[in-house]
Amino acid sequence: MASSPQKNLQFISPPKEAGDFLQNQVKMPMLGYGVYQTKPAEREKAVSTALELGYRLIDTAASYGNEEDVGAAIKESGIPREDLFVTTKLWVQDHGYDNTLKAFDVSMKKLGLDYLDLYLIHKPYRDYYGAWRAMERLYKEGRIRAIGVTSFWNERLADLFNCNEVKPAVNQIETNVWNQKWAEEAFMKEQGIQHEAWAPFAEGANHVFSHPLLQQIAQKYGKTTGQVMLRWLLQRGIVVIPKSVHKERMQENIDVFDFTLSDEDMQAIRTLDTKQSPIYDEMDPQRALAIGKMKIHD
């Protein structure tokens, strides 16, 4: 095991704008690379390219089926471990105390790492309380630098930390121009929990890249609509993990620290909020049933 990973408080990411300290004083980059839905043939190369371009936060999950590819790319890169911030997630099939401990060991073996920077509960279903207590143990043992959750709405987030010892450091939720999550942001700021956005581009829904307002703002700054969307989230203090397998787009996504949106433009984008997901409704009980039954291994 690497020595005292939680004491590495001087971590700074190569991108031009570093993130804030999490509540436990661990440094997390504000912009990272997401590997969701990358195809098997392109996974390792895509992560390697991201690392070459300067990404240091890599976000994966057991359910993505690509932890081994991420680990291989990290090993091949030769980048010092302390310069990286690696996130993976626990799938609902492995919730429960003992199952979580086993699943964590499997993920670490696939990643080829001695410690993990951030471990997230992927969805708030099944025995996630047992999972959380196992994660608390791993955190206290120094095997994980920070623990958090994904897709927890405010009520479930509040109950989780109210009934346990360690408060989640991060909540990764869908956040984009169509589904802006202002109430969730306010609660997380109040509680010192870092807001992280999945689907920052809304997975391209509703022709978001060609929206007239976003195009107008992008033209004003000499940027693309994608860069404007990322910058808008960053200026709200939200961590972003855009995904692309194209080097040019990956470079574009990281080049968002050389301009600042005006207050007027920030407010204009706020008018696009529909308060609904363009991807899927997380409050749909049929969705919850399906996720709860989904298996990623025997």
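Colleague: Which residues in α8 meet Met 266, Ile 269 and Arg 270 in α10?

Modeller: This is a predicted model, in which local features need pLDDT of at least 70 and side-chain atom pairs count only at pLDDT 80 or more, while totals for chains, interfaces and linings use all residues. Residues are numbered from 1 along each chain as its sequence is written, and side-chain values use heavy atoms, with hydrogens and water left out. The residues of α8 that meet those three are Val 228, Trp 232 and Gln 235, where contact means heavy atoms within 4.5 Å.

Colleague: How is the packing of α8 and α10 described?

Modeller: Two packed helices are described by the angle between their axes and the distance between the axes. Here the axes of α8 (residues 225-235) and α10 (residues 263-270) come within 11 Å and cross at roughly 105°, the axes being lines fitted to C-alpha atoms over the stretch in contact, with angles from 0 to 180 degrees between N-to-C directions. That makes α8 roughly perpendicular to α10, a term for angles of 65 to 115 degrees.

Colleague: What volume has the largest pocket, and which residues lie nearest its centre?

Modeller: Rolling a probe the size of a water molecule over the atoms shows where empty space is left. A pocket is an open set of points on a 1 Å grid where a 1.4 Å probe fits, with protein on both sides within 12 Å along at least five of seven lines, and lining residues have an atom within 4 Å of a point. The largest pocket holds about 780 Å³ of space; Tyr 36, Gln 37, Trp 198, Ala 199 and Glu 203 lie nearest its centre, among 32 lining residues.

Key:
Helix = DSSP H or I, 4+ residues; strand = E, 2+ residues; numbered from the N terminus. Parallel < 35°, antiparallel > 145°, perpendicular 65-115°, else oblique. Points joined across faces, edges and corners; volume = space filled by probe spheres on them.
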